[in-house]
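Subject: Structure handover

Hi,

Here is the structure I promised to pass on. Please open it alongside this email; my notes follow below.

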Amino acid sequence: VKAARAAMRGPWATMAVEDRSDLLRAIADGITRRFDDFVEAEMADTGQPRSMMEHAFIPRGAANFKAFADSIKGVSTESFQTETPDGKGALNYAIRKPKGVIGVICPWNAPLLLMTWKVAPALACGNAVIVKPSEETPGTATLLGEVMNEVGVPKGVYNVVHGFGPGSAGACLTEHPGVDAITFTGETRTGTAIMQAAAHGLRDVSFELGGKNSAIVFADADLDVTLEAVTRSAFLNCGQVCLGTERVFVERPLFDRFVAEVKARAESLKPGANFGPLISQEHREKVLSYYAKAVAEGATVVTGGGVPEMPAELAGGSWIQPTIWTGLADDAAVVVDEIFGPCCHIRPFDSEEEVIALANDTEYGLSTAIFTSNLSRAHRMAGAIDVGITWVNSWFLRDLRTPFGGSKHSGIGREGGVHSLEFYTELRNVCVKL
Ligand code: NAD
Ligand code: 6OD
């Protein structure tokens, strides 16, 4: 924290926006130059397949820096001409200042992507950061530090502190009075603890939290597109994606066929090739406990439900089968709780009103994906479902300029484009009497 505060008094504080933007591009290029190192580090930490790293997680880390290198150069502020009794008027205009030292607390499921999604806009706005990566996935935050040094980011601007959460590095950072604001991605209950810590000193928070996202499939949807997207959304990254689908609602005439087709796709996924293990044995215990609860609550197990047989050299990993259930009540534990594993419950519905109520019947509000060829219906539903992000006929299609974040217990604030800049800067008004 001392290093970061010192950096805010050094050359970083007066660096021109154009130069900061150039530096962000140099960081992106530095990640690309050391692409293989980042891929290896992220694979070693997460256990997910190389293709996922090479095509999504690592390039996206670099893309985050490029996106905010651009958006910081296009930020405007507001101004007002104010009438006054003497007729001479006043001019109000706003200026943006960096917030200062930002604590960045990150999860393990997409480590570089999610960390740079915060660090890039924070640096673009002229802040200094202290990153606390997940204890499960420390590698790429450290490598990024090497890149920062290689491209000449001033000392103290990007800091990494490794450790655990409660009673450790995470709590020390969020409780530290020298930290001006905290940005966090992770579980909703961790967000609650961090918000309590942030209340001391009235520090601002930006939260991306858990989800219990739905996919809504109408009978008129393009079936191939829908099956591809829903399968990906349920099982990608071994189900460890905050935007992942754990509740699928299918219009009744399509229900039986849809379940059969997703089952076939789930069963074609090969552990070790298409998906890796869960992050830890501890997380597998949690996910397996939900697999057991589903059976206890009367689910039909369409596929999966256990642990796959793996070759001896891999058998020690936290492998788990992609799992699909049907037939559960709407208040069953696996229909209500975020599991964060490769699993979903599929339920039929009969009307638009019914499925809107079902989709909204959750404490979370991160994302939803609607599949239909009736675009009027898609627009109507997008407005009626209480989530921060709605996809129509797709899933996880990202434009980094758009607002990203959750409603209800899924988050506070929005990241992306100018919305990130809102959090990482403080707006000041200047009133000039003419
Ligand atoms: P987590 O909340 O357990 O941990 C996240 C980070 O917080 C870790 O670095 C951890 O060490 C730290 N931490 C834990 N307790 C802390 C405390 N009291 N004070 C300070 N720091 C603390 O989350 P996770 O298990 O790493 O990630 C999975 C969760 O993240 C899921 O709930 C998932 O939905 C959520 N997530 C949300 C988004 C989103 O954009 N909304 C994205 C990815 C993951
Ligand atoms: O794409 C993003 O910007 C983003 N925050 C993705 C989150 C994925 C969660 O696992």
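First, a definition: two strands count as paired if DSSP finds at least two bridges between them. Keep in mind that this is a predicted model.

**The three-strand sheet**

Start with E1 and E2. Strand E1 pairs with strand E2 (residues 90-98) in the antiparallel sense, over 4 bridges. Within that pair, threonine 82 sits opposite alanine 90 of E2. Both strands belong to an open sheet of 3 strands, in the order E1-E2-E18 and with antiparallel pairing. E1 (79-82) and E18 (425-433) are the edge strands, and each of them pairs on one side only. From one strand to the next, the twist averages 25°.

Next, look at E6, residues 181-185. This strand is mostly covered, with 5 of its 5 residues buried. In a regular strand, side chains alternate between the two faces of the sheet. In E6, Ala181, Thr183 and Thr185 point one way. Ile182 and Phe184 point the other way. Residues on both sides are buried.

E6 has parallel partners. One is strand E3 (residues 101-105), which pairs with E6 over 4 bridges in the parallel sense. There, isoleucine 102 stands opposite alanine 181 of E6. Another is strand E7 (residues 204-208), also parallel to E6, over 5 bridges. Phenylalanine 184 has phenylalanine 207 in E7 as its bridge partner. To get from E6 to E7, the chain passes through helix H9 (residues 188-199). This β-α-β crossover is right-handed.

**Cysteines**

How many disulfides does a search of the whole structure find? The search finds 0. Take cysteine 106: it is in no disulfide, and the nearest cysteine sulfur, that of cysteine 242, is 13 Å away. Cysteine 106 is buried, at 7% relative accessible area.

Best wishes

How values were computed
Residues numbered from 1 in each chain as written. Chains lettered and ligands numbered in written order. Predicted model: local features only at pLDDT ≥ 70, side-chain atom pairs only at ≥ 80, totals over all residues. Heavy atoms only, no water. Buried < 20%, exposed > 50% of the residue type's maximum accessible area, 1.4 Å probe, protein only. Helix = DSSP H or I, 4+ residues; strand = E, 2+ residues; numbered from the N terminus. Right-handed = clockwise from strand over helix to strand, strands pointing away. Disulfide = S-S within 2.5 Å. Axes fitted to C-alpha atoms, helices over the stretch in contact; angles between N-to-C directions.
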